[in-house]
Amino acid sequence: MVSLKKKVVSKVDIVTRVANETGYSQKMVATIVDTLLNDITDELSNGNKVQFAGFGFFEPKQMSERVGRNPRTNEQITIPARVVPSFKPGNRLKEAVIRTEC
């Protein structure tokens, strides 16, 4: 069985790495990353799909209304329909992760 690494890489870690690799300031890279994340969020909230070739795509996904159960009382409850963000990895990302794990 393959064990998964438990390290969490934060946005600050990514900003620092990109700044070091590109020579841009951390402030500039942080602004670019924040702008990118805000733009992805805006597009998803407008119902649009955001695609990065080879990496994957983000899309809003419609979840149907369903019946759930309150774990404390065991009472049935109706969970309303909603739209949630979804990510599907692209082939390059899948291959990189699979190659790393083996």
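Ile14, Ile32, Val33, Leu36, Leu37, Ile40, Phe52, Phe55 and Phe58 line the second largest pocket. This is a predicted model, where local features need pLDDT of at least 70 and side-chain atom pairs count only at pLDDT 80 or more, while totals for chains, interfaces and linings use all residues. Residues are numbered from 1 along each chain as its sequence is written, and side-chain values use heavy atoms, with hydrogens and water left out.

**The pocket**
- Rolling a probe the size of a water molecule over the atoms shows where empty space is left.
- Here, a pocket is an open set of points on a 1 Å grid over the protein atoms alone, where a 1.4 Å probe fits, with protein on both sides within 12 Å along at least five of seven lines; lining residues have an atom within 4 Å of a point.
- The second largest pocket has a volume of about 210 Å³ (the space filled by probe spheres set on the points, which are joined across faces, edges and corners).
- Its lining has 9 nonpolar, no polar and no charged residues (nonpolar is Ala, Val, Leu, Ile, Met, Phe, Trp, Tyr, Cys and Pro; charged is Asp, Glu, Lys and Arg; polar is the others, Gly among them).
- Helix α2 (residues 26-45) gives the largest share of that lining, 5 residues.

**Helix α2**
- Helices (H or I, at least four residues) and strands (E, at least two) are DSSP runs, numbered from the N terminus.
- With 20 residues, α2 reaches 28 Å from its first C-alpha to its last, close to the 28 Å expected at 1.5 Å a residue (that is 1.5 Å times one less than the number of residues).
- Which residues of α2 are buried? They are Val29, Val33, Ile40 and Leu44 (buried means under 20% relative accessible area, exposed over 50%, partly exposed in between, with a 1.4 Å probe and protein chains only).
- These residues cover an arc of only 40 degrees around the axis, so they sit on the same side of α2 (the arc is that of the directions from the helix axis to the C-beta atoms).
- On the face turned away from the buried side, α2 carries the exposed residues Lys27 and Ser45.
- Cover for the buried residues of α2 includes α1 (11-22), β1 (50-52), β2 (56-63) and β5 (82-89).

**Other spots to look at**
- Ser86 lies in strand β5, and it counts as buried because its relative accessibility is 15%.
- Leaving aside neighbours within four places in sequence, Ser86 is in contact with Phe57, Phe58, Glu59 and Lys61 (contact means heavy atoms within 4.5 Å).
- Asn74 isn't a glycine, yet has a positive phi of about 65 degrees.
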